[in-house]
Amino acid sequence: MARIDLNADLGEGFGVWRLGDDDAMLDIVTSANVACGFHAGDPSGLLRVCRSAADRGVRIGAQVSYRDLAGFGRRFIDVAGEDLLADVIYQIGALQALAQAAGSVVSYVKPHGALYNTIVNNHEQAAAVAEAVDSVDAALPVLGMTGSAFFEEAERLGLRTVAEAFADRAYRPDGSLVSRREPNAVLHDPRTIAQRVVRMVSDGQVTAIDGTTIPISLKSICVHGDSPGAVDIARTVRAELEAAGVELGAFC
């Protein structure tokens, strides 16, 4: 039987502003990519999400990002490697303290948004993120894209790399994600998304935006918690995977 992790980006509210339904998503996913305060999230909200994840046995991951609250971490920042190294160490450490206070631990690290996409090809920033994880805890796996500069740098340091795919994002023929600035970059129909995910897991394939079939490697599937209808999408994806005989479970 195939086994797959289902993850979502959570803890992305700030103050009185709430984004997504964290508690509902935590009833569905097996891993939670929890914001660390740089692109979203405030301490009390992040502690609340960590407690909810701990209560449900959901793994907590540190979702590190550029320092970009105004842009939700989705804008490229030409930050020096040494500064990015310190920023990522800081974010992991903050979430580790909150997770510990909630009775859990940070089990992995996943970059967010523009940082995630940048370190697919940018070796300087990829090396900074990988070095930050290694400096904090070399046993922490990193979640990201197969074939990326980030994975190359992480593997060079001996970090465990875990390949993920995106349930609700369109792919280019080269396996990269279609920019959110382009039409049809984000998918919205729960049944279509769920059937696509089953094919990813069972056949290792996905249809790119130009209609071609491309191979895809994955140990974890991401459903964005801030997408419209995210809870319905995640619930449908989980149901379709289970109906196909796929076991849902955290990768760590």
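What separates Glu153 and Arg156 in helix H6 (residues 149-156)? The two are three residues apart in that helix, so about one helical turn lies between them. Their side chains form a salt bridge, with the closest N and O atoms 2.8 Å apart. This report looks at pairs of that kind, then at one helix, some aromatic rings and the cysteines.

The model is a predicted one, in which local features need pLDDT of at least 70 and side-chain atom pairs count only at pLDDT 80 or more, while totals for chains, interfaces and linings use all residues. Residues are numbered from 1 along each chain as its sequence is written, and side-chain values use heavy atoms, with hydrogens and water left out.

**Charged pairs**

Side chains of opposite charge can pair when their charged atoms come close. Here a salt bridge is a side-chain nitrogen of Lys or Arg within 4 Å of a carboxyl oxygen of Asp or Glu. Across the whole structure, the search finds ten salt bridges. The table lists some of them.

| Pair | Closest N to O distance |
|---|---|
| Arg75 and Asp68 | 2.5 Å |
| Glu153 and Arg156 | 2.8 Å |

Glu153 counts as buried at 10% relative accessibility, whereas Arg156 counts as exposed at 58%.

Helices (H or I, at least four residues) and strands (E, at least two) are DSSP runs, numbered from the N terminus. Glu242 and Arg238 both sit in helix H8 (residues 230-243), four residues apart, about one turn of the helix. Glu242 is partly exposed, with a relative accessible area of 43%, and Arg238 is partly exposed too, with 22%. Elsewhere, salt bridges that share partners connect Asp9, Lys110 and Glu164 into one network.

Asp22 is found in helix H1. Asp22 is buried yet has no salt bridge, and the nearest side chain of opposite charge, Arg48, is 6.6 Å away. For that search, Lys and Arg count as positive and Asp and Glu as negative, while His and the chain ends are not counted. With contact meaning heavy atoms within 4.5 Å, Asp22 touches Leu10, Gly11 and Val49, leaving aside residues up to four places away in sequence.

**Helix H2**

Val49 brings us to helix H2, where it is one of the buried residues. Helix H2 (residues 43-56) has 14 residues and reaches 20 Å from its first C-alpha to its last, close to the 20 Å expected at 1.5 Å a residue. That expected span is 1.5 Å times one less than the number of residues. Besides Val49, the buried residues of H2 include Gly45, Leu46, Leu47, Cys50, Ser52 and Ala53. The buried residues of H2 pack against strands S1 (3-10), S2 (31-35) and S3 (59-64), and against helices H1 (22-26) and H3 (81-101). Just after H2, Gly57 takes a positive phi of about 75°.

**Aromatic pairs**

Rings of Phe, Tyr and Trp (its six-membered ring) pair if their centres lie within 6.5 Å; planes under 30 degrees apart count as stacked, over 60 as edge-to-face and the rest as tilted. The whole structure holds five aromatic pairs. In one of them, the ring centres of Phe38 and Tyr90 are 5.8 Å apart and their planes are at 35°, so the pair is tilted. Phe38 lies in the loop between S2 and H2 and Tyr90 in helix H3, so the pair ties together parts that are 52 residues apart in sequence. Phe38 is buried at 7% relative accessibility, whereas Tyr90 is exposed at 57%.

Tyr116 and Phe166 form an edge-to-face pair, at 5.5 Å centre to centre and 85° between the planes. This pair links distant parts of the chain, 50 residues apart: Tyr116 is in helix H4 (residues 113-118) and Phe166 in strand S6 (residues 161-166). Both Tyr116 and Phe166 are buried.

**Cysteines**

With a disulfide taken as a pair of cysteine sulfur atoms within 2.5 Å, the structure holds zero disulfides. Cys36 is in no disulfide, and the nearest cysteine sulfur, that of Cys50, is 8.7 Å away. Cys36 is buried, with a relative accessible area of 8%. The sulfur of Cys222 is 15 Å from the closest cysteine sulfur, in Cys252, which is too far for a bond. Cys222 is also buried, with a relative accessible area of 0%.

Terms used:
Buried means under 20% relative accessible area, exposed over 50%, partly exposed in between (1.4 Å probe, protein chains only).
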